[in-house]
Amino acid sequence: MSFRALLVTQDDQAVETLTPVLSNFGLTVHRCDYSDAPNVVTEQKFNAVVVDFDDPDSAVLTLGNLSKTRSRSHAVTVALLADRAKVRNAFGTGANFVLYKPVNEEQAEGTLRAAASLIRNERRTSFRVPVQVPVALTNGEHDSINGILLDLSEEGMDVLASRPLYCSAVLSVRFMLPDLLSDLELPGEVVWANPNGESGIHFADIPENARPMLRKWLADHAKQARLQEPVPRPDCKLTDLSVGGCYVETPSPFPEKTHLLLKFRAGGAELQTPGLVRVMHPSHGMGIEFTMHTAEQHRKTEAFIYSLSSEPGNEPELLASLRSLSSKEKNSAPSLSPELDDPLLQLLRDHESLSERMFLETLQRQRTG
């Protein structure tokens with residue numbers, strides 16, 4: 001299955017810049033007008049949706065419709081902004097990333113590199129079993145459509161039909177899986193459909209006699225995704241570190257609510273900790289809260305900070321791997337020990353009340369205080 005990106009903009013310069021960058025990251029680019037976008041995102045599946053906020057009402061409607069679809073978890077969203085002061089508004093409407101206009105190639109590559117990592121991570125970790133077998137799709141009028149099953153889960157399937165399907169169409173799907181002695185016939189609803197016949201079908205009500213058979217087959221054939229070990233991020237520079245979190249300067253920051261596994265190395269010292277991106281400044285950096293608030297983890301972090309302070313000029317190496325992108329509206333913050341006085345962590349948690357400039361100025365004051 002190919003990765004697809006949708007560009008919703010009338011800005012030809014942005015399209016000219018973004019199209020080759022998206023293509024280089026393995027995404028096929030499609031473009032549509034503001035008027036069509038709200039319907040297109042509900043009827044077709046895209047791995048990335050880039051929306052220009054030159055028409056803010058259409059942008060909000062497009063992202064709002066996308067958030068209601070079952071394929072939302074597959075889509076990384078990018079806002080194109082001409083006004084930097086509106087960045088918090090864009091994040092509030094559902095954008096994961098922001099590109100400032102006029103878009104240049106360097107900015108686009110930095111931001112979309114992180115977006116492409118999220119797309120690949122979602123594909124790698126989703127619980128779907130790739131399998132290619134014939135499938136027969138029948139509607140209420142007994143009009144049969146042939147197709148190929150692409151991947152299967154307990155909730156539904158992706159198929160490539162011999163002709164385009166239509167969203168909300170109710171179908172009966174019939175197929176035989178390897179190692180099973182009989183066909184499975186399941187009711188389903190088309191939840192997204194691409195013009196080439198590639199479609200997603202959600203199983204509406206699996207018969208009780210079929211569910212155990214399907215569940216066992218999936219368990220027998222699923223390849224559990226191994227958690228990726230942290231890899232070096234040479235584009236990241238650790239500028240601030242405390243017991244509760246850190247700030248990293250990078251042209252490719254991950255969006256807020258991204259869960260990461262971090263590893264820091266400096267000399268013979270090493271620190272590994274899970275983290276949550278609390279604040280993201282487009283093309284500049286990200287603030288990460290360490291999510292393991294235990295006495296032992298605090299002790300390890302303090303020891304690492306001490307090793308850095310005892311060897312001035314020893315530049316720490318940062319390694320990171322993606323875990324997930326949370327869909328929750330609010331990130332629940334673990335309670336802190338009253339004895340823990342951590343201005344950096346408090347700044348990360350209070351970032352929504354500050355503009356990017358005010359945040360960075362406060363960070364600088366903490367750094368030199």
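**Reading contacts, sheets and rings**

Biologist: Which residues does Ala-193 touch, leaving out those up to four places away in sequence?

Modeller: A contact here means heavy atoms within 4.5 Å. By that rule, and not counting residues up to four places away in sequence, Ala-193 touches Glu-43, Gln-44, Leu-165, Tyr-166, Cys-167, Glu-198 and Ser-199.

Biologist: Before we go on, what kind of model is this, and how are residues numbered?

Modeller: It is a predicted model, in which local features need pLDDT of at least 70 and side-chain atom pairs count only at pLDDT 80 or more, while totals for chains, interfaces and linings use all residues. Residues are numbered from 1 along each chain as its sequence is written, and side-chain values use heavy atoms, with hydrogens and water left out.

Biologist: Thanks! Where does Ala-193 sit, and is Ala-193 buried or exposed?

Modeller: Helices (H or I, at least four residues) and strands (E, at least two) are DSSP runs numbered from the N terminus. Ala-193 belongs to strand 11, residues 184–193. Buried means under 20% relative accessible area, exposed over 50%, and partly exposed in between, with a 1.4 Å probe and protein chains only. At a relative accessible area of 10%, Ala-193 is buried. Seven of the ten residues of strand 11 are buried, so this strand is largely enclosed by the rest of the structure.

Biologist: How should I read the pairing of strand 11, and which strands does strand 11 pair with?

Modeller: Strands of a sheet pair through backbone hydrogen bonds, either parallel or antiparallel. Two strands count as paired if DSSP finds at least two bridges between them. Strand 11 runs antiparallel to strand 10 (residues 170–175) over six bridges, with Val-173 bridged to Leu-186. Strand 11 is also antiparallel to strand 12 (residues 198–203), over five bridges, and here Trp-192 has Gly-200 as its bridge partner. Strands 11 and 12 form a hairpin with four residues between them, and Gly-197 in the turn has a positive phi of about 100°.

Biologist: What is the strand order in the open sheet of five strands?

Modeller: The order is 2-1-3-4-5, with parallel pairing. Strand 2 (27–32) and strand 5 (97–100) stand at the edges with a single partner strand each, so one side of each has no neighbour in the sheet. Strand 4 (residues 76–81) is joined to strand 5 by four bridges, and Ala-79 is the bridge partner of Val-98. Helix 1 (residues 12–24) packs on this sheet, touching strand 1 (3–8), strand 2, strand 3 (48–52), strand 4 and strand 5. Axes are lines fitted to C-alpha atoms, for helices over the stretch in contact, and angles run from 0 to 180 degrees between N-to-C directions. The direction of helix 1 makes about 160° with that of strand 2.

Biologist: And the rings: how many aromatic pairs are there?

Modeller: A pair of aromatic rings is described by the distance of the centres and the angle of the planes. Rings of Phe, Tyr and Trp (its six-membered ring) pair if their centres lie within 6.5 Å; planes under 30 degrees apart count as stacked, over 60 as edge-to-face and the rest as tilted. The count comes to three. In one of them, Tyr-247 and Phe-359 have ring centres 5.9 Å apart and planes at 40°, so the pair is tilted. Tyr-247 lies in strand 15 (residues 245–249) and Phe-359 in helix 9 (residues 356–368), so the pair ties together parts 112 residues apart in sequence. Both Tyr-247 and Phe-359 are buried.
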